[in-house]
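Okay, everyone, thanks for coming. Let's get the picture up on the screen and walk through it together.

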Amino acid sequence: MPNRYRIPEPLSLIHPRSLKYLSSQLQSLVRGRLWLKILIGMFLGIIIGLILGPSAGFVSPDVSYTIGEWLALPGYIFLALLQMIVVPLVFASIIRGIASGEDMEQLKMVGLRTVGYFLATTALAILIGLSLALLIGPGNYISSELVQGTMGSEIPEVTEGAVTTPGIADVPGLVTNILPTNPLGSLVTGQMLQVVVFSIIIGLALVSMSPVQSKPLLDLLGSLQEVTMTVVRWSMLLAPFAVFGLISKFTLNLGLDALVGMLVYVGTVLLGLLLLLAVYLLIIFIISRKGPIDFLRSVRDVLLLAFSTSSSAVVMPLSIKTAEEKLGVRPSISQFVIPLGATINMNGTALYQSIAAVFLAQVFGVELGFGALLLVMVTVVGASIGTPSTPGVGIVILAMILGSVGIPTAGIALIIGVDRILDMSRTSVNVTGDLVTCAVMDKWVGGKKTAMLEKFEDSKLETQRQILGEDVIVNSDNPDES
Ligand code: ASP
């Protein structure tokens, strides 16, 4: 029975506007068939790259290098713009996601279960990646001329025993390292795991305070979200040219032989991503009896947009909208799980990083024993959590993983040429993982309200917001009484 005299929890009184209302900026990109423009950009990029590359003999290597750099300029600007906004976008979205929770009890339950589920699925993705890479052995299909041709005199010596594995005594130190002693420093240097921990702590503190005090900061973070999504919209104008330029640059540098030589590696990663997708489809079928075609049709727009933008952070508004409207997930779950998942749940990236690590180990003849594979696994779990959700960063973080298991980091030069297509594909799988997590949590964590009631209240609040011109609505009455 509702208790008239119970003091309501601050979290149940504040209602920030959902990020999903910013999805209109993204939907115009889907309607404008951004994905088709991107595919055309890719195709033309390969053609131009092959024509202007030194192997075709039309231009000298020096000139072709300069052309490549200029063609890639829109791509560099595109990547820089998205990298510029990802930290504020993630920071604001995680905090406001926490504030949209029903109450502390529900938040605690969703939080713990979501993180546990993320860790389990990431480990599964890595297992799929490692098994495929060991089974297919993509590194054995690479000729030494190709390695020589791509890396020239940079071919590194493999140093045996240079790897230091952290011992049990190091664990407490590693754990405390996650807590940012200098949060602005973590924000500035894009240490994603620390940014996430910082955002969660700030979010929890905010929703424990009186709404009068938390509202101004939540309002400010709402403006920050709007600003970042506006920059996203602008940067998307560049997306097809960016893909065209970056692909032509790398095709120019690699040449046709190298591209063909890398086909087995690319195929292994794509196969792994497909297998992971199949696992997701199975999970969805088990929990909601939704068939694969039906599910893929529901989430198609999000997948195409993730493929076009290569950024799970950018598609967050559309992911939340799709989770709620197409998968029937409660807003209090989707608004919390999606921002968190887009930042720390990167199963596609983890799978890719583990295949790339084994591939390069095979190329350089580094023997990976059971201990080393275990180390790859643990490092990849941490690294994929810390990978910012922007284009092309999975490969940057990969350098760290390689270093920690003694594989020469110079190998990145070999795989970066084909990374564009892999980045686009793994990002689509990353966001599918987040959507599936939403559906799982919606089933697994109960709530006081049904999805229908939550959605009804959400649209009522949205009308109220428009009338009042407010971003965060504070209910002064006890919701238990209504
Ligand atoms: N682009 C990926 C994402 O945003 C991250 C990566 O590079 O793997 O999900």
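**A helical stretch, a ligand and some salt bridges**

Let's start with residues 231-250: the chain there is 90% helix and 0% strand, and the end C-alpha atoms sit 27 Å apart. Helices here are DSSP runs of H or I with at least four residues, strands are E runs of at least two, and both are numbered from the N terminus.

Quick housekeeping: this is a predicted model, so local features need pLDDT of at least 70 and side-chain atom pairs count only at pLDDT 80 or more, while totals for chains, interfaces and linings use all residues. Residues are numbered from 1 along each chain as its sequence is written, and side-chain values use heavy atoms, with hydrogens and water left out.

Back to the chain. Residues 364-386 are 78% helix and 0% strand, with 26 Å between the end C-alpha atoms.

Now, the ligand. How many residues surround the ligand? There are 15, and the closest are Ser-312, Thr-349, Gly-394, Asp-423 and Arg-426. To count as near, a residue needs a heavy atom within 4 Å of the molecule. Helix α22 (419-444) and helix α20 (393-404) each give at least two residues to that shell, and α22 has the largest share, with four.

Let's look at polar contacts, meaning pairs of N or O atoms within 3.5 Å; within protein, one must be able to donate a hydrogen and the other to accept it, and residues adjacent in sequence count only if both atoms are side-chain atoms. The side chain of Thr-349 puts an N or O atom 2.7 Å from a ligand oxygen. For Gly-394, a backbone N or O atom is 2.7 Å from an oxygen atom of the ligand.

Last stop: salt bridges. The rule is a side-chain nitrogen of Lys or Arg within 4 Å of a carboxyl oxygen of Asp or Glu, and the count comes to 16. Arg-17 pairs with Glu-226, with 3.8 Å between the closest N and O atoms. Arg-17 also meets Glu-462 at 3.0 Å, N to O. Glu-462 lies in helix α23 (residues 451-468) and Arg-17 in the loop between β1 and α2, so this pair ties together parts 445 residues apart in sequence.

Is Glu-462 buried or exposed? Buried, with a relative accessible area of 7%; buried means under 20%, exposed over 50%, and partly exposed in between, using a 1.4 Å probe and protein chains only. Arg-17, at 22%, counts as partly exposed.
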